[in-house]
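Good morning, and thank you for joining. I would like to take you through one structure, beginning with the packing of its helices and then turning to its strands.

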Amino acid sequence: MQYDYDIIIVGANIVGATLACALADSGLKLLVIDAYKPDFEWANNTNDDTYDLRVSALTSASSNLFEKLGIWPKLIKQRPSPFRALHVWNEDANNKLNFDSADIGDACLGHIVENRRVQHALHQALAYRRSVELKLGVSLETLNINKYSATITTNDNKSITAKLVIGADGTRSKVRELANIHSTGWAYQQQAIVAIVNTEQPHQQCGWQRFLSTGPLAFLPLDDGRSSIVWSAKDDYANELMAMDNAAFDLEITNAFQDELGKVTLNSERAAFPLKAQHATDYVAPRIALIGDAAHSIHPLAGQGVNLGLLDAACLSEIIKTAIDNRRDIGREHTLKKYQRTRKAGNLAMLAATDGLNKLFSNNSELLNGLRNSGFSAINSLPHITPLFMRLAAGK
Ligand SMILES: Cc1cc2nc3c(=O)[nH]c(=O)nc-3n(C[C@H](O)[C@H](O)[C@H](O)COP(=O)(O)OP(=O)(O)OC[C@H]3O[C@@H](n4cnc5c(N)ncnc54)[C@H](O)[C@@H]3O)c2cc1C
């Protein structure tokens, strides 16, 4: 049987592009397509001091993966901001949870990186790989599976066959839909508002998160002293926050953050993202695998979504390489099932943990008030729990 490619990866954002990098040396012929053509014009301007509104808190497990793929030396020049501690507190409680990297013997808990810079570094790395063809502005339209191959058609009227099609195409995955893989999920009726802000007090290379009854508000430290905020707020309140003028927003966020970092002032546009939890019932089917948000999307309060997707990419690439070494068909469901077995339970556990935290804290229920406060006190008073939480947060 003749194939155009061994593998087609649909989606070239952080997760899909990382998988392509991880497979670039496997001897396989890869096609990576993405419907969106990012504008990397900023990369030509050495004086560019604008920050991407979308940033990610990368765990050390993720930066280790990038190190292994040769991406980290490029990213380290792209002003990532290490964060050495996390301070988390609750609307009602006086207790604060403090997670310090020194408690687990590490220099930092992770790095805040701009999404566009990570994607750019990955695309640059792919441009040098002869085994990988990256086509941007090309979207998946149809998918046909038979016993020996998968055939896709694209918006540029091409029909392309491969042994395996991998969906790295995000929450509304077309690969998942066309492969008839079900997913379950629910909308949080919250939106995450992101922006760049100045704070009167220095962020001290710490992440800060306050759980409000309207949703969690996080400040993530940036390299130049500013902070990136992720304010997950219930829909009505989020709409109000988006409609406020800058002065009113500054006052609202300063108060919401209890003056923890002094007066807060907006330094960018605001953008809002509706939030939902979603999980695919299966990550694999014959000649299909799903990774990243195509398989699972979770509440951003723990900053884990992309980190989970990167672990998916690392796991699936290893399983594919082992299959090649053992001369097995990389598209066989039996081969791919190992990926599902390895990743599904952990992803689901993280989805449940973030969902539970959001439900516990994002409400005014008097009934849950005691639980909220005692939960914080309990975590704070158990000597072994804090390092455990941090190891989980660092992806260890
Ligand atoms: C406000 C906010 C803050 C977050 N902060 C963090 C954080 O700090 N740390 C963290 O780990 N995670 C964080 N996350 C989660 C993280 O952003 C996602 O988990 C991650 O972006 C998912 O990456 P992905 O590559 O799987 O999917 P996506 O980023 O959604 O990429 C999917 C790609 O597929 C392409 N595509 C879609 N359909 C098609 C098609 N038919 N044909 C071709 N291409 C297609 C799209 O154009 C896109 O480029 C946050 C999320 C939000 C909303």
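Predicted model: local features only at pLDDT ≥ 70, side-chain atom pairs only at ≥ 80, totals over all residues.

**Helices, sheet and strand packing**

Three bridges join strand 4 to strand 7, residues 110–114, in the antiparallel sense. Within that pairing, Pro 82 has His 111 of strand 7 as its bridge partner.

Let me return to the helices. Two packed helices are described by the angle between their axes and the distance between the axes. For helix 2 and helix 8, the axes come within 9 Å and cross at roughly 45°. That angle makes helix 2 oblique to helix 8. The crossing of this pair is left-handed. On the side of helix 2 the contact is made by Ala 61, Ser 62 and Leu 65, and on the side of helix 8 by Asn 307, Leu 310, Leu 311 and Ala 314. Sorted by class, the contact of helix 2 with helix 8 contains five nonpolar residues, two polar residues and no charged ones.

Helix 8, residues 305–325, also packs with helix 1, residues 14–23, at an angle of about 30° and with the axes 9 Å apart. Helix 1 and helix 8 are therefore roughly parallel to each other. Here the crossing is right-handed. Helix 1 contributes Ile 14, Val 15, Thr 18, Leu 19, Ala 22 and Leu 23 to the contact, while the residues from helix 8 include Val 306, Gly 309, Leu 310, Asp 312 and Ile 320. The contact of helix 1 with helix 8 divides into eleven nonpolar, three polar and one charged residue.

How many of its residues are buried? Strand 13 covers residues 206–212, and seven of its seven residues are buried. In a regular strand the side chains alternate between the two faces of the sheet. In strand 13, Cys 206, Trp 208, Arg 210 and Leu 212 point one way, Gly 207, Gln 209 and Phe 211 point the other way, and all are buried.

Strand 13 pairs with strand 5, residues 85–90, in the parallel sense over six bridges. In this pairing Leu 86 stands opposite Gly 207. Strand 13 is also joined to strand 14, residues 215–221, by five bridges, and these two run antiparallel. Arg 210 stands opposite Leu 217 of strand 14. Strands 13 and 14 form a hairpin, with two residues between them.

Finally, I would draw your attention to Leu 290, which is found in strand 19, residues 288–290. Is Leu 290 buried or exposed? Leu 290 is buried, because 29 other C-beta atoms lie within 10 Å. Leaving aside neighbours within four places in sequence, Leu 290 is in contact with residues including Gly 167, Val 175, Arg 176, Ile 181 and Tyr 283. Leu 290 and Arg 176 are 114 residues apart in sequence, with a C-alpha to C-alpha distance of 7.1 Å.

Methods. Residues numbered from 1 in each chain as written. Helix = DSSP H or I, 4+ residues; strand = E, 2+ residues; numbered from the N terminus. Buried ≥ 20, exposed ≤ 12 C-beta atoms within 10 Å, placed from the backbone. Contact = placed C-beta atoms within 7 Å. Axes fitted to C-alpha atoms, helices over the stretch in contact; angles between N-to-C directions. Parallel < 35°, antiparallel > 145°, perpendicular 65-115°, else oblique. Left-handed = near helix turned anticlockwise from the far one by under 90°. Nonpolar A, V, L, I, M, F, W, Y, C, P; charged D, E, K, R; others polar. Pairing = 2+ DSSP bridges.
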